[in-house]
Amino acid sequence: MRSKQFRVGLLLCAVFFAIPMVRAESKVPAEAKSAFAAGDYRKAIEILNREAAVSPRDAAVQYLLARCYFESEEFDRGIASAEAAVSLEPKNSPYHELLGRVYGEKADRSGWLSALSLAKKARKEFEFAVRLDEHNFSAMQALIEFDCSAPSIASGGEDKARPEIEKLTTLDAAEGKYAAGNCRRQKKDFAAADSEFRKSLALHPKSADLIYDIGDFYMKRGQPDGLRIALAEGERVAPAGDPRGNFYRAVIDTLEKKDPAGATKLLREFLANVPKRNEYPSKAMAHYWLGRIQQNQNDEASAKREYQEALNLEPKNRLANEALKHLQHD
């Protein structure tokens, strides 16, 4: 799973869980939904723009269009579509949540003043999404993480996050423990984050995205024991065919230096078949772990190629960058 960040002087992080497909008596073409599910965003955008031209007041069309632009990292267009969806259905909580997320991504790519303005807009949308539906836990998690990460100049602050975490805990204890752990993660208090995440997993969260985000924490910390717990919980609730289970199973084997052939097969299948999706591990991370497998087998040349491929796909991938530098200095 890729960690996304706003930037407003300091880093302002946001968790990107899957945003649920929302209802409506709409004319969203089935082939557009299928293209989105397959990760063919270009095709989905083409279909949805045609539909939007004939059904300009169909909010669900604009919502899915915004999701496609979000995944394609076309954030200006994503903002326009998400704003259109919100204007057509102003009391729809997931629409406001998505708009906040797109504002946040745009902020990450903007100059300081623009980023500050966009970050404030993002928080406002998260807050409104929660006000519309206090059981939209994805929006609540985004709001809490924003407040834990953002300085007061951007309308954030941990003093705001504390009562939000308390309220969320009363609604769903597993979500509340996750939020507390995620807040500590933003502060780089990793021991406290670990403790809260384990408490969350012990309460059996309902969200596969939340569980696998905890798994991502353990993956990046090199903790196979925690990752194994997250994997078991994730596979308990994830829909059939969710690719994250096999990905993290390969990571566990690699961390424990077990079954390199099996782990390689799982990662190669992931690279070949899994669409780009914000809530999934990136293909860059698959190449990083393939590099680790090669390094475990003392094949440094192959490891370097995998790490470099990870950086080609994701130049700011810290793990791949550190691993490649380590090999080059040996």
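Predicted model: local features only at pLDDT ≥ 70, side-chain atom pairs only at ≥ 80, totals over all residues.
Guide: Cys-68 has a relative accessibility of 0% and therefore counts as buried.

Visitor: How many disulfides does the count give?

Guide: The general idea is to look for cysteine sulfur atoms within 2.5 Å of each other. By that rule, the count comes to 1 disulfide. The bond joins Cys-148 to Cys-183, with an S to S distance of 2.0 Å.

Visitor: Which parts of the chain does the pair Cys-148 and Cys-183 tie together?

Guide: Cys-148 belongs to helix H7 (residues 137-149) and Cys-183 to helix H9, so the bond ties together parts that are 35 residues apart in sequence.

Visitor: Why is the disulfide of Cys-148 and Cys-183 described as left-handed?

Guide: One reads the torsion about the S-S bond; for Cys-148 and Cys-183 it is about -105°, so the disulfide is left-handed.

Visitor: Is Cys-148 buried or exposed? And is Cys-183 buried or exposed?

Guide: The cut-off for buried is a relative accessible area under 20%. Cys-148 is buried because its relative accessibility is 0%. Cys-183 is likewise buried, its relative accessible area being 3%.

Visitor: Let us turn to charged side chains. How many salt bridges does a search of the whole structure find?

Guide: The criterion is a side-chain nitrogen of Lys or Arg within 4 Å of a carboxyl oxygen of Asp or Glu. Searching the whole structure in this way finds 32 salt bridges. One of them links the side chains of Lys-177 and Glu-196, at 3.9 Å from N to O.

Visitor: Where do Lys-177 and Glu-196 lie?

Guide: Lys-177 is in helix H9 (residues 173-186) and Glu-196 is in helix H10 (residues 190-202); the two residues are 19 apart, and the pair links distant parts of the chain.

Visitor: What is the accessibility class of Lys-177, and what is that of Glu-196?

Guide: Lys-177 counts as partly exposed because its relative accessibility is 28%. Glu-196, with a relative accessible area of 17%, is buried.

Visitor: What is the N to O distance between Arg-77 and Glu-74?

Guide: Their side chains meet in a salt bridge at 3.1 Å, N to O. Glu-74 has 22% relative accessibility and so counts as partly exposed.

Visitor: Which residue forms a salt bridge with Arg-277?

Guide: The partner is Glu-279, and the closest N and O atoms are 4.0 Å apart. Both Arg-277 and Glu-279 are buried. Elsewhere, salt bridges that share partners join Glu-73, Glu-105, Asp-108, Arg-109 and Lys-276 into one network.

Conventions. Residues numbered from 1 in each chain as written. Heavy atoms only, no water. Buried < 20%, exposed > 50% of the residue type's maximum accessible area, 1.4 Å probe, protein only. Helix = DSSP H or I, 4+ residues; strand = E, 2+ residues; numbered from the N terminus.
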